[in-house]
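Subject: Structure for you to look at

Hello,

Here is the structure I said I would pass on. Please open it beside this email and follow along as you read.

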Amino acid sequence: MMNIFWDILGYTGTALILLSMMMTSVTKLRIVNMSGALISMIYAIFCNTWPVVFLNLGTIIINTVQLVRVRRK
């Protein structure tokens, strides 16, 4: 039963990342993408897929930096 939870979590993260690509607002895109990356990163930690963890961590950092830049303007 627990594996089903983790699979749903992984698919949810992937769906959020894909959904973010359809956003017209860059701020919304970054927030939704960051949420999906965080969920995907948690799933990747569970699955011990460290390259995917680092990819998602990098995505989160980049989105955070860009959101801070936009807020400062």
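Which residues do ring pairs link into a cluster? They are Phe5, Trp6 and Phe46. Before going into that, please note that this is a predicted model, and every value below was computed from it.

**The chain as a whole**

The protein chain has 3 helices and 0 strands, and read along the sequence its pattern is α-α-α. Its C-alpha atoms fill a box of roughly 45 × 20 × 15 Å along the principal axes. Of its 73 residues, 27% count as buried. The accessible surface comes to about 5300 Å², and carbon and sulfur atoms account for 73% of that. If you take the contacts with a separation of 6 or more, 51% of them are between residues 24 or more positions apart.

**The aromatic rings**

A search of the whole structure finds 2 aromatic pairs. In one of them, the ring centres of phenylalanine 5 and tryptophan 6 are 5.2 Å apart and the planes stand at 70 degrees, so this pair is edge-to-face; the cut-off for that label is over 60 degrees. Tryptophan 6 also pairs with phenylalanine 46, and here the rings are stacked, with 4.3 Å from centre to centre and 10 degrees between the planes. This pair links distant parts of the chain, since tryptophan 6 belongs to helix α1 and phenylalanine 46 to helix α2, 40 residues apart.

Phenylalanine 5 is at 43%, so it counts as partly exposed. Phenylalanine 46, at 37%, also counts as partly exposed.

The 22 residues of α2 should span 32 Å at 1.5 Å a residue, and the end C-alpha atoms are 31 Å apart, which agrees. The buried residues of α2 are Arg30, Val32, Asn33, Met34, Gly36, Ala37, Ile39, Ser40, Met41 and Ala44. They pack against α1 and α3.

Apart from its neighbours within four places in sequence, leucine 16 is in contact with Val32, Ser35, Gly36 and Ile39. Three of those, Val32, Gly36 and Ile39, are in the list of buried residues of α2. The C-alpha atoms of leucine 16 and serine 35 are 7.2 Å apart, although 19 residues separate the two along the chain.

Asparagine 48 sits in the loop between α2 and α3. Its relative accessibility is 53%, so asparagine 48 counts as exposed.

**Helix α3**

Helix α3 covers residues 50-72, which makes 23 residues. From the first C-alpha to the last it reaches 33 Å, close to the 33 Å expected at 1.5 Å a residue.

Which residues of α3 are buried? They are Val53, Asn56, Ile60, Asn63 and Leu67. What covers them includes α1 (2-20) and α2 (26-47). When you look at the numbering in that list, keep one general point in mind: an α-helix has 3.6 residues a turn, so residues three or four places apart point the same way.

The patch is formed by Ile45, Trp50, Phe54, Leu57, Ile61 and Val65, with about 550 Å² of accessible area together. Helix α3 gives the most to this patch, with 5 residues. One of the patch residues, isoleucine 61, is found in helix α3 and is partly exposed, since its relative accessible area is 48%.

**Where to start**

After that, turn to α3 and find its buried residues, including Val53 and Leu67, and then the patch residues, among them Phe54 and Val65.

Regards

Notes. Residues are numbered from 1 along each chain as its sequence is written. This is a predicted model: local features need pLDDT of at least 70, side-chain atom pairs count only at pLDDT 80 or more; totals for chains, interfaces and linings use all residues. Side-chain values use heavy atoms; hydrogens and water are left out. Helices (H or I, at least four residues) and strands (E, at least two) are DSSP runs, numbered from the N terminus. The expected span of a helix is 1.5 Å times one less than its number of residues. Buried means under 20% relative accessible area, exposed over 50%, partly exposed in between (1.4 Å probe, protein chains only). Contact means heavy atoms within 4.5 Å. Patches are made of residues with over 30% relative accessible area and no salt bridge: like charges are joined within 9 Å, nonpolar side chains (Val, Leu, Ile, Met, Phe, Trp, Tyr) within 5 Å. Accessible areas come from the Shrake-Rupley method with a 1.4 Å probe; for residues, only the protein chains shown count as cover. A salt bridge is a side-chain nitrogen of Lys or Arg within 4 Å of a carboxyl oxygen of Asp or Glu. Rings of Phe, Tyr and Trp (its six-membered ring) pair if their centres lie within 6.5 Å; planes under 30 degrees apart count as stacked, over 60 as edge-to-face and the rest as tilted.
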